[in-house]
Amino acid sequence: MKSVPPVTIPPSGSTTFELKGAEEVDIDKVKTNLEETFMQVWRNRAENDGLNKLVLRANLNWREVMMLRTYGGFMRQARLPYSLSYIEQVLSLYPHIARELVEMFKLLHDPKLGAKSGDKGRLAGEKIIDMLQTVQKLDHDRILRTFKTLIERTLRTSYFQTDNLGQYKNLLAVKLDSKNIAELPLPRPNVEIYVYSTRVEAVHLRGGDIARGGIRWSDRLEDYRTEVLSLMKSQQVKNTVIVPVGAKGGFVVKQPPKTGGREAYQAEGIECYKIFVQALLDLTDNNVKGKVVRPKDVVCHDGVDPYLVVAADKGTATFSNIANALSLAAGFWLGDAFASGGSTGYDHKEIAITARGGWESVKRHFREMGKDIQKEPFTLVGVGDMAGDVFGNAMLLSKQMKLVGAFNHMHIFCDPNPDIPGSYAERARMFKQRLGWDGYDKTKISTGGGVFERSAKTIKMSAQMKKAYDLDADVVTPDELMRAILKANVELLWFGGIGTFLKSSRQSNADADDKANDALRIDGREVRAKVVGEGANLGSTQLARVEYARNGGRINTDFIDNSGGVDCSDHEVNIKILLSDVTGKGKLTLDQRNKLMSDMTEEVSELVLKDNYQQTQSLSLQEYLARGQVGLHGDLIRGLEKQGLIKRSLEGLPDDEQLNRLSKENLGLTRPELSILTSYAKIDIFNEILKSTIPDEPMMEALLVEYFPKALHKYGAEIKNHKLRREIIATQIVNMLVNRMGPVFVQSRMSKTGAGAAEVIKAFMIVVHAYGLPDLWKAIETLDNKVPAQVQISALNEVFQVAKRTITWFLRFGGNNLDVAKEVDAFKPGVDVLKKSIAGLAPDDVKNGVMDAESTLTIAGMPAALAQEISTVKLLAVASDIINLTRRTNGEIKPIAATYFTVGDKLGLDWLRRQTAALIPANSWQARVVGGLMDDFYIHQASLTAGLIGSVKKGGKIDKALADNWFDENRDRTAKVTQMVADLKTQPKVDLEMLVLIAQRIGQLVHQAK
């Protein structure tokens, strides 16, 4: 071995370099790698850090060191408790292990080594395990094992790719199987791509194979992955209304220019963004004329993965065209659908889709308080400015606003008593000119108001400002004034700017993870606004939302309120995928496609807003039912935990002790908690649908067509063959199912009947179509601001209860592997007959109840025809039994219905069911008993009716008299039961035990009758 004496290298100029080596280094062996590494560092293609010791100690070349550096950088971002310098030190201490890590990486990922290299790579991994036996320090062992794990869990890498000149790239991208890397913090993405170079570092986290979400320009060099991970988690629940699951990306500029100002900084950011996006494309499959094309010089250890869609985010709002240009240049199958919102897409700010979606939430909150904010004045405060998309657009969505205060990152706007029309006009001018609060015409501000610098030392308070914000001091700091604005006694608090401003009283500022706003943040219980709208992400912590809601505030969550943007992007991408097939067949030119896209803008917006409307409507119905469903909610939470979909501590959901307390106090979950459950239930059910054959059934194609604007319906063949056909259908089903039936419905039906998730979904689709529920739902929704909101919720509940009972019936009596189309054809005609005649066939007390309900609804403002339909719909809960009896006996539906109702009337079964429905279960076990009781009362009625019909001889008459005669003939047996019911009606309170006992007696009677 030759020792390495100090060597002086005199380059041009006066600088000298001294090379110091260890005694065991053979300079002849490392000479080439050393010289090349030196040159790459000199050219800024390689880092100048402690890892370069491995060039000498392990004889690694500069790219092999870059590979280890990449994984080391990822480990730092993954929040391992070790600094980068310490990780470098450990690798340098064990050069033989570092060398073996490089060898394992090559064996696993070099495309030139052939199919058997994977086995050799695994053997290399076993060798490393043996070598680790000599490592004495636990920290050292953990670091080295993590390197091994990350290399083994690398699904793809760009390490072996070259550029157009045949040169290896001076960046490295690795696609990691994140869900199976135990060292990563929760929540773990499904996969992620980490990109490293001397110029930029970046990460793209994905929740599933088909995932989308924005890419942001982060300024958090040390922990940008933590920022992106938090946003991806939020994106997961936001994306439940669309096809793709959540994704999020972020990049940091490592070497910002020191001269040239903002223009140079922006230019470097764009170049770093390009590097990142190209690296993502380099590792992604392509779809060329229906055939999957793998990326060049990449070993793929995962399945087919061609879906990659990015979107704008913080700092990248204008970058969509840049990304699409890279996609088109690469021949990527999505073309300009790769990045939504570009010049040929839907500009979210221009069509105000995110703000309009959030405004649907706000309007609903006020509507349920009895106020129409589009016609009645209301007060509000907010975070943001008129130049912003979400804030600026929102402040123009009603001409009745009295904006008394707002702030952004630079200024505080105070208008204690705004002129409604004048302030609206001024906001419109500012939005058009993209002005901040300092651009507000001061002459348009009411007496005592003004615009103040956040950088000011103090702010002098006018009498009007003191009154508006409930402050006593004559002078306050800007922070004190902004806190007072957040606490203002107004009707609406609207978040349209970046930052987390609300936390729970049980949380510290650190829990909000937003140091910049620590001085401003208040507790949820301190908010006095009646409604909070979260147009911006993460305006509140989840626990703050719950605390605010428990104190009477009306709030959803950010991912519910601002989902319009992602929904619009999803429609854009899927429309472009469809139209790429249309243009490919020569049916449209690109210019014609672009004009068609533009012409459909408003209809696309309407489709998006419909999703916002129905998702918030679902939360209102869930809130209405919440007290009686605490046990079911607990079951769902535990089920989602068992599947690994959620962790309560991360989601702000109650533990079992808190759930028990809610049950005892007769309280239910809040809207923010129900929002979380709604989203995760959708994720779970979506996965179940995709695993089933449901999306492949011909009857489901109507849902696929409905997803697209009407102008596209003429392209039926292309719609039918859409590349995301199954996923779009699954999304349509899951949104309808959970929005209408709630998050606990599928699991509760599975538990109740033993059916699988797919069968529950099929039964739901049968009932929806056989009973014509979409028309009924739509009719109820048209009553906004025409009848009290509670009347609408009550009507929706009537439909929900009928659907729940009928779906359960199909699961119990419809047989295995339900055929949706067949069952709809069999039941729909009978349902149509009963809709028109059932009220006339019912007993007098039931008829009277229907008439009273109809009168109440009519008085409330509901149109007469709809009032009649809603008051009658509850009777259709028995339609499945009646139609089934008709099918079994080949009888006529009306006489059988008359017999059925008479049996129920004689035994008081309708009254007993009403008493059962009024019970509030104390826990999930009682809920099951109550549900079983309700079923038993229906089953007994159907069974006894079937027995009576079966006793009729051929040619005999089936009618009401059949039941009357049987009860007269069996007076001794029936009198005991009818007397029990009569006695029960005299009791001041009917409890569960009484109903259980009488159900047993009726069951015995039915058994004896058989």
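Modeller: I start at the surface, where Phe38, Met39 and Trp42 make up a nonpolar patch whose accessible area is about 310 Å² together. The model is a predicted one. Phe38 belongs to helix 1 (residues 27-42), and its relative accessible area of 34% makes it partly exposed.

Next come the ring pairs. The structure has 30 aromatic pairs. One of these joins Phe105 and Phe160, which are stacked, at 6.3 Å centre to centre and with 15 degrees between the planes. This pair links distant parts of the chain, 55 residues apart: Phe105 sits in helix 5 (residues 95-109), while Phe160 is in the loop between strand 3 (154-157) and strand 4 (171-176). Both Phe105 and Phe160 are buried.

Phe413 is in strand 14 (residues 411-414) and Tyr440 in the loop between helix 14 (420-433) and strand 15 (450-453), so the pair ties together parts 27 residues apart in sequence. Phe413 is buried, at 1% relative accessible area, and Tyr440 is buried too, at 2%. Cys414, at 0% relative accessibility, is also buried.

Finally, ring pairs also form a cluster, which links Trp217, Phe251, Tyr265, Tyr273, Phe276 and Phe319.

Key: Residues numbered from 1 in each chain as written. Predicted model: local features only at pLDDT ≥ 70, side-chain atom pairs only at ≥ 80, totals over all residues. Heavy atoms only, no water. Buried < 20%, exposed > 50% of the residue type's maximum accessible area, 1.4 Å probe, protein only. Patch = residues over 30% accessible without salt bridge, like charges linked within 9 Å, V, L, I, M, F, W, Y side chains within 5 Å. Areas by Shrake-Rupley, 256 points an atom, 1.4 Å probe, with all protein chains shown as cover. Salt bridge = Lys/Arg side-chain N within 4 Å of Asp/Glu carboxyl O. Helix = DSSP H or I, 4+ residues; strand = E, 2+ residues; numbered from the N terminus. Phe/Tyr/Trp six-rings, centres within 6.5 Å; stacked < 30°, edge-to-face > 60°.
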